[in-house]
Amino acid sequence: MTTKSIVHKEIIVKGRVQGVGYRANAKHMADLLGVQGQIKNMPDKAVWILAEAEEPVMEQFLTWCRKGPAMAKVTEMEISVGPVQHVAGFTILH
């Protein structure tokens, strides 16, 4: 039995990403793909995401994050890798 490795990424999404349903749509996509993590709006109008998933699933999620929902306009994404925290579920933080 092979164990697939989980990766941990922290993602900062910049552009028109607040007030356009970005967090709710990201949660929906994360739930569909099986991504675990958290998402919240930042005071500087960016969106912060903590995501954990197997590498191929993470790539699918990052592809979605680069586009976002229909009304969003992503202009920049910063991605950093960190230690896996074994987050359960995908939560929108307020």
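Me: How many aromatic pairs are there, and by what rule are they counted?

Reply: Happy to start there! Rings of Phe, Tyr and Trp (its six-membered ring) pair if their centres lie within 6.5 Å; planes under 30 degrees apart are stacked, those over 60 are edge-to-face, and the rest are tilted. By this rule the count is 2 aromatic pairs. In one of them, tyrosine 22 and tryptophan 64 are tilted, with 50 degrees between the planes and 5.2 Å from centre to centre. Keep in mind that this is a predicted model, in which local features need pLDDT of at least 70 and side-chain atom pairs count only at pLDDT 80 or more, while totals for chains, interfaces and linings use all residues. Residues are numbered from 1 along each chain as its sequence is written, and side-chain values use heavy atoms, with hydrogens and water left out.

Me: Where do tyrosine 22 and tryptophan 64 lie in the chain?

Reply: Helices (H or I, at least four residues) and strands (E, at least two) are DSSP runs, numbered from the N terminus. Tyrosine 22 is in helix α1 (residues 22-33) and tryptophan 64 in helix α2 (residues 55-67), so the pair links distant parts of the chain, 42 residues apart.

Me: Are tyrosine 22 and tryptophan 64 buried or exposed?

Reply: Buried means under 20% relative accessible area, exposed means over 50%, and partly exposed is in between (1.4 Å probe, protein chains only). Both tyrosine 22 and tryptophan 64 are buried.

Me: Why is the pair of phenylalanine 61 and phenylalanine 90 called edge-to-face?

Reply: Their planes stand at 70 degrees, with the ring centres 6.0 Å apart, so the pair is edge-to-face. Because phenylalanine 61 is in helix α2 and phenylalanine 90 in strand β5 (residues 90-92), the pair ties together parts 29 residues apart in sequence. Phenylalanine 61 and phenylalanine 90 are both buried.

Me: Which residue lies over the face of tryptophan 48?

Reply: A charge sits over a ring if NZ of Lys or CZ of Arg is within 6 Å of the ring centre and within 35 degrees of the ring normal. Here lysine 40 lies over the face of tryptophan 48, 5.2 Å from the ring centre.

Me: How many salt bridges are there?

Reply: A salt bridge is a side-chain nitrogen of Lys or Arg within 4 Å of a carboxyl oxygen of Asp or Glu. That rule gives 2 salt bridges. Glutamate 78 bridges to lysine 14, their closest N and O atoms being 2.8 Å apart. This pair links distant parts of the chain, from strand β4 (residues 73-82) for glutamate 78 to strand β1 (residues 6-16) for lysine 14, 64 residues apart. Lysine 27 forms a salt bridge with aspartate 31, with the closest N and O atoms 2.9 Å apart.
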